[in-house]
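This report describes the fold of one protein chain. The sequence and the model are shown first.

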Amino acid sequence: MNRQAELLISLQKIDKEIDTHILRKETIPRQIEELKSEIEGLRNEIKTLKQTLKETELQVKKIEIDIKEKESHIRELRSKEYMVKSNEEYRALKDEISLTEEEKRKLEEQGFDLLFRIDELKSKIERKEKENSEKERALLAKIREIEDEYEHIDDKLQILRSRREDLVKKLDDGLYSQYEKIRKTKGDAVAFVVEGSCSGCNAVLPLQLVINLKSTGDIGRCENCGRLLVYVPEKDSS
Ligand SMILES: [Zn+2]
């Protein structure tokens, strides 16, 4: 392979690296935002559970008050038992007592269910708090890691760009402008001969061109996609 072909391949490699770093730099802020909102989600999960617990405890308090009211109502009704004048009145009183007792019993059942729910919520909160704080720690570490990476991207880019400059100086001007022109529209400007085809567009190349590139190591051109073509043995056998 001739020196210019080698330089072209190196240039393409550097450009790909530069593109990767630039792309990475663009995605990092969004990635950090996503991680932060994940942390927010973990915290909200606990907040919601605690809110539910608080509401359930309030419901229990309200039921306790209702039960006390029913009890005092029952006591009041019972105190009237000896004052009623007719059987009819007595029956009505008895009915009201049993109805109120039934209501009280239902409230006690509800209260019992809610107390059970409170126990469940408390242990769930305890478990989730532990789980989520571990998750949060891992997410924060990840954020720090990415922030660190972000800070170093510019340094890496600077190194790559100065290496690129040195490389471009050694490259024929005409070849470099061709490279830049193709790169703007095709992404990769340099393609390789792979089993008689162009690695850029997969078109089958004229046999004579393949033989020529193989024997001279010169830079050719794919008639189909216009990319600069080089023959590298390792690319062909892979
Ligand atoms: Zn091609």
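## Overall form

The model is predicted. The protein holds five helices and four strands. Read from the N terminus, these elements follow the order α-α-α-β-β-α-β-β-α. The radius of gyration is 40 Å, well over the 18 Å that the globule rule gives for 238 residues, so the protein is more spread out than a compact globule.

The C-alpha trace spans about 125 × 40 × 30 Å along its principal axes. Of the 238 residues, 10% count as buried. Among contacts in the protein with a separation of 6 or more, 73% join residues 24 or more positions apart.

## Domains and their contact

The chain is divided into domain 1, residues 3–171, and domain 2, residues 175–237. Taken over C-alpha atoms, the centres of domain 1 and domain 2 are 56 Å apart.

The two domains do touch: eight residues of domain 1 are in contact with 10 residues of domain 2. On the domain 1 side, helix α1 (residues 3–80) gives the most, with six residues. By class, that side of domain 1 has six nonpolar and two polar residues, and no charged residues.

## The largest nonpolar core

The largest nonpolar core has 19 residues. Leu8, Leu228, Leu229 and Val230 are those with the most contacts inside this core. The elements that give two or more residues to the core are α1, α3 (173–186), β1 (190–194) and β4 (228–230). Strand β1 gives the most, with four residues. Both domains take part, as the core draws at least three residues from each of domain 1 and domain 2.

## Surroundings of Leu229

Which residues does Leu229 touch, not counting those up to four places away in sequence? Its partners are Ala191, Val193, Cys198, Leu213, Ile219, Gly220, Arg221 and Cys222. Leu229 is also one of the residues with the most contacts inside the largest nonpolar core.

## Summary

The centres of domain 1 and domain 2 are separated by 56 Å, yet eight residues of domain 1 are in contact with 10 residues of domain 2. The largest nonpolar core, of 19 residues, draws at least three residues from each domain.

Conventions
Residues numbered from 1 in each chain as written. Predicted model: local features only at pLDDT ≥ 70, side-chain atom pairs only at ≥ 80, totals over all residues. Domains from an automatic or database assignment. Contact = placed C-beta atoms within 7 Å. Nonpolar A, V, L, I, M, F, W, Y, C, P; charged D, E, K, R; others polar. Rg over C-alpha atoms; globule rule 2.2 N^0.38 Å. Buried ≥ 20, exposed ≤ 12 C-beta atoms within 10 Å, placed from the backbone. Core = buried A, V, L, I, M, F, W, Y, C linked by C-beta atoms within 7 Å.
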